[in-house]
Amino acid sequence: MRTGIATVCLSGTLKEKMQACAIAGFDGIEIFEQDLVTSPLSPEDIRKMAADLGLGLDLYQPFRDFDGVTPDLLKANLKRAEAKFKLMARLGMDTILVCSNVATATIDDDQLRAEQLAQLAALAGDHGVKVAYEALAWGKHVNDYEHAYRLVEAVDHPNLGTCLDSFHILSRDWDTAPIEDINADKIFFVQVADAPKLSMDVLSWSRHYRVFPGEGQFELAKFMGHVVRAGYTGPVSLEVFNDVFRQSDVERTAVDAMRSLIWLEEQSAKWLAGTSAETAAAGTSEQKAAGRRRYPMELATLPKVNEPAGFNFAEVKADDTAQLEKLLGQLGFEFEGRHRTKDVQLWTMGQARVIINEQAALHTEPAIAALGFDVDSPVIASARAQQLKAPVVSRKVQADEEVFQGISAPDSTEIFLCQGSPDGTAAWTQEFGEGLEHPRAAQTAVIDHVNLAQPWQHFDEAVLFYTSALALEPQPFAEVPSPSGLVRSQVMQASNGAVRLVLNLAPVQQASAPKTYQEHIAFAVDDLVATARSAQERGLEFLQIPANYYEDLDARFDLEPGFLATLKELNLLYDRDANGEFLHFYTATVGSVFFEMVERRGNYDGYGAPNAPVRHAVQYDSLHRA
């Protein structure tokens, strides 16, 4: 699949955008007219630079408001078009995007539109240019891709075809199956963009909230499957209007964009394989043959991996570790000792493992630095992640030590892919020793979930990263109120709940303000009340929950008085749904990290979301009092 991206997707100058696209590995680019107009580079300079970078110049865009106009305006539009065709010759480009008219169309007549498009096609043919006519979702009279194609067919000129844009099609909920009926020779260009499902006017939605494939909720694999079945072989190019992307680092955004197309290519291949198998299984001999058909566009796939089986460990990095050590000990974790060659500690409770890393941590406040996941084959999983443009993280090891396959997440958290074991143990723990001489009775515990705060400019990138590299599924996002504003929360989860990763987009804060949003690691135990009492006896300082919370809790759930009194005594929080109950408590924050202990009863699958505003408010108050 030939990959492309529109320069409008990225921040910076045209030169910076082109360099970033080449670094990310794109085959070609669409030049957005404004980027050219504002560039000090001449068209000839841009043409040479593209050649030097190995980039094709695939599309010039956009040419607006051409069709459905009066004769005088048509004459002016043809003059404007000819100027662009001459410019394209200097650039060495042969395809231009023409959008259905939004602003100047005064005549709603398909015959007239076809006649005017025919004149444009004839003029384009004189200059060796192909015109890709696109139906904008908010077009005044043409807003449906099938309508646009009917006009192309009516004109029947070799220099006029259509452009299929996933946003304009899927935002209007148009059926994508008829794409397969379009003559492949008449599909001149394909643009893709994802988007969250929003209730707003389609123009504002398009201009501000498009995202890269895998970061929204559109059925892009299905869209692309129909495009492939139609026989299209040209570029598949990203056209994403997004305020965040156009403020973010250009090279990083380009890599994220390339990752999205690699992911989309794989997902499209899966969709085609799945639907072909269904057709072959249920159909006639003719349909069975169609199910085995190969298509002109070859779709590459990635090494296959299963979702992680669980957390292997969580790592906190710190310069001064005394508070962390005290906190873990009060929670009931056992100190297993230091690593034999590294300045690293291991603390465990059942199968929950926490590493305290003191290496290269000078002046570092405690913060979550790394997560380990159990996977079937770490080497294959790492190879997949690297093909998805994930940066490699390596750590020095001795000859007889475990070699971890590591990659870096968008927020710089290090992700290690570890060899899982059926009993949940980890061989690398043998590298630690001289811990507690008489450890306490081991308590059953696992890492239930980890909550990571995401920088505003990398939130969508993180969703795609964990979806594509770790096969985690994004759940419907939620917004939780806090004293600093709304916190957007996105759960990434394994299908069986063995891995739960919560990505939170914290409110933007003043640079001089204290950090009011932290990250945490949650541990699941069998008996939270017993765990809390033991921790209390060891002197643990719980996050202090207001009495008003318990009055509200009683009103909502009508709890047994003795149980409610226990919750209040131990600062425990509670939630219940149709499937079960959820008990949890929080520790005070050390650096930017705090811990949560949880107990899931029945089939409760949430995170105590109604309690999140309480936690945010108490933490905010505690931070500002300090």
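Me: Which residue in strand 13 does Gly310 stand opposite?
Reply: This is a predicted model, where local features need pLDDT of at least 70, side-chain atom pairs count only at pLDDT 80 or more, and totals for chains, interfaces and linings use all residues. Residues are numbered from 1 along each chain as its sequence is written, and side-chain values use heavy atoms, leaving out hydrogens and water. Strand 9 (residues 310-317) and strand 13 (residues 367-375) run antiparallel, joined by seven bridges. In strand 13, the residue opposite Gly310 is Asp374.

Me: Which are the edge strands, each pairing on one side only?
Reply: Strands are DSSP runs (E, at least two residues; helices are H or I, at least four), numbered from the N terminus, and two of them pair if DSSP finds at least two bridges between them. The open sheet has nine strands in the order 14-15-16-13-9-12-11-10-17, with mixed pairing. Its edge strands are strand 14 (392-393) and strand 17 (432-433).

Me: How is helix 4 directed relative to helix 5, roughly parallel or roughly antiparallel?
Reply: Axes are lines fitted to C-alpha atoms, for helices over the stretch in contact (heavy atoms within 4.5 Å), and angles between N-to-C directions run from 0 to 180 degrees. Helix 4 (residues 71-91) and helix 5 (residues 110-126) pack at about 30°, with axes 10 Å apart. Angles under 35 degrees count as roughly parallel, over 145 as roughly antiparallel, 65 to 115 as roughly perpendicular and the rest as oblique. Helix 4 is therefore, relative to helix 5, roughly parallel.
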